[in-house]
Amino acid sequence: MLRLLSGALLFAWALLAVFRAPTLALWIPALIITEMGHLFALAALLVLLPGWRHTRQGRVGAALGLAAAALALTPLARGVRTARSGVEAGLARAFGDAAPRELPGAPARPAPFVWRDLLLGVPRPAVREEALTYARACGDLRLQLYRPNAPTGPSPLVVVIHGGSWRSGDRLELPELSRYLASRGYAVASVDYGLAPDNLFPGPVEDTRDALSFLRGRAAELGLDGGPAVLLGRSAGAQIALAAAHADEPLPGIAGVVVFYGPNDLHLAWAEPGDILESRLLLRLYLGGSPAEQRERYDAASPILRAGAGSPPVLMIHGERDELVWPVHQLRLSAKLAAAGVPHYYLRLPWATHGCDYFQSGVCGQLSTFAVERFLAAVLPRRQAQGARPSSSR
């Protein structure tokens, strides 16, 4: 009976590898199986331990376990196919073929997907981490600064803006990519910002502006090169990053924007809310009302309305089965940037859901790290002191 129950539960969970999560409570289980399905499959095969043939219940449980393992491996198969579908060539066409930064003991990703890293993890040497207070206007606002242990010169800056539906989250979320980039010569500042409903839009954009001003003001002290920076945002943070780059007074010196599964048209987010997220409630908390009540604020918070010839280069990363933010946001932004001739690349992940880069060793984590690394190499200036070749022109 235990084998049958285990097989049935595993099979039910494995269905999330191919079907969208029907409730928010099942989103995290869906994230786990779509990115760590290989480990799930191994667990599912435990139903084949000796004794499964002895009873009908055991045989049914074993069959369910085998089916669960097969389903759990389908995202991995689709991810490997995506990795082999020309991601590297597509990035080079979009941004130029620039050599990624490397430091001793911290090589660049050799390929979009590496089987060894799936099992053993992405190599990430230790880095220096420091928490700094950058503003005190509405309580202490802090940033987490990641820097290489042994820099060979001033480091270019990446500013990370966390997700959390504008009302939760903090600078310490998903630090693996920040540590990875810092170990290869970047300075990465993951910033807190004032949360809704106490801090309405454009408050988070202004907080980001303050953080960037603080870092540039202390560039020499912190070992930053003081040049253009890249904004990298996840989910709600992606909207903030794009809005900051497309404000009436855009943040100065933005070399590019990395968008992880974020909305860029908040009118659309209101009109077509996600299946399992209270999108309209979140938008009310962030923007102070509905589009009918706050049209100017919705317009200002929708960077797709301002995107065009003056936009910085953009890298978009989004799972096509995202249940929280529809991938149509990136499809529409990609079309608008293409029409304006703005360098951009949309990394489409057919199997992936929201937050897919949570596991850096998973397929989404590896692919997105590879793409971000090459995007940064192309849009940020390089220094010969770091032993790298000059980036090729776009």
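## Close-up views: pockets, a cavity and ring pairs

**View 1. The largest pocket and its lining.** Of the elements, α2 gives the most, with four residues. Helices here are DSSP runs of H or I with at least four residues, strands are runs of E with at least two, and both are numbered from the N terminus. The space in this pocket comes to about 760 Å³. By class, the lining has 23 nonpolar, twelve polar and five charged residues; Ala, Val, Leu, Ile, Met, Phe, Trp, Tyr, Cys and Pro count as nonpolar, Asp, Glu, Lys and Arg as charged, and the others, Gly among them, as polar.**A note for all views.** Please keep in mind that this is a predicted model, in which local features need pLDDT of at least 70 and side-chain atom pairs count only at pLDDT 80 or more, while totals for chains, interfaces and linings use all residues. Residues are numbered from 1 along each chain as its sequence is written, and side-chain values use heavy atoms, with hydrogens and water left out.

**View 2. The second largest pocket.** About 160 Å³ of space lies in this pocket. On a 1 Å grid over the protein atoms alone, a pocket is an open set of points with protein on both sides within 12 Å along at least five of seven lines, whereas a cavity is a set of points where a 1.4 Å probe fits but cannot get out; lining residues have an atom within 4 Å of a point. Grid points are joined across faces, edges and corners, and a volume is the space filled by probe spheres set on the points. The lining of the second largest pocket includes Phe201, Pro202, Val205, Glu206 and Arg209, and among its other members are Ala243, Asp248 and Arg306. Helix α9 (residues 203-217) gives the most to this lining, with three residues. Six residues of the lining are nonpolar, five are charged and none is polar.

**View 3. The largest cavity.** The structure holds three cavities of 30 Å³ or more, and the largest cavity has a volume of about 60 Å³. Among the residues that line the largest cavity are Leu174, Glu176, Arg234, Phe260, Tyr358 and Thr369. Both α8 (175-182) and α16 (363-379) supply at least two residues of the lining, and α16 provides the largest share, three residues. By class, the lining divides into four nonpolar, four polar and three charged residues.

View 4. Arg109 lies in the loop between α6 (87-95) and α7 (115-120). With a relative accessible area of 3%, Arg109 is buried; buried means under 20% relative accessible area, exposed over 50% and partly exposed in between, with a 1.4 Å probe and protein chains only. Not counting residues up to four places away in sequence, Arg109 touches residues including Asp117, Tyr180, Thr369, Glu373 and Arg374. Contact means heavy atoms within 4.5 Å.

**View 5. Aromatic pairs.** The count comes to eight aromatic pairs. One of them, Trp270 with Tyr298, is edge-to-face, at 6.5 Å centre to centre and 90° between the planes. Rings of Phe, Tyr and Trp (its six-membered ring) pair if their centres lie within 6.5 Å; planes under 30 degrees apart count as stacked, over 60 as edge-to-face and the rest as tilted. Trp270 lies in helix α12 (residues 266-271) and Tyr298 in helix α14 (residues 295-300), so the pair ties together parts that are 28 residues apart in sequence. Trp270 is buried at 17% relative accessibility, and Tyr298 is buried at 0%. Tyr358 and Phe359 also form an edge-to-face pair, with 5.0 Å centre to centre and 80° between the planes. Tyr358 is partly exposed, with a relative accessible area of 47%, and Phe359 is partly exposed at 21%. Ring pairs also link Trp166, Phe201 and Tyr286 into a cluster.

**View 6. Arginines over rings.** The charged end of Arg184 sits over the ring of Tyr180, 3.6 Å from its centre. The charged end of Arg101 sits over the ring of Tyr186, at 5.3 Å from the ring centre. A charge sits over a ring if NZ of Lys or CZ of Arg is within 6 Å of the ring centre and within 35 degrees of the ring normal.

**View 7. Leu231 in its strand.** Leu231 lies in strand β5 (residues 224-234) and counts as buried at 1% relative accessibility. Leaving aside neighbours within four places in sequence, Leu231 is in contact with residues including Val159, Thr208, Ala241, Ile254 and Val258. Leu231 and Ala89 are 142 residues apart in sequence and 23 Å apart in space, C-alpha to C-alpha.
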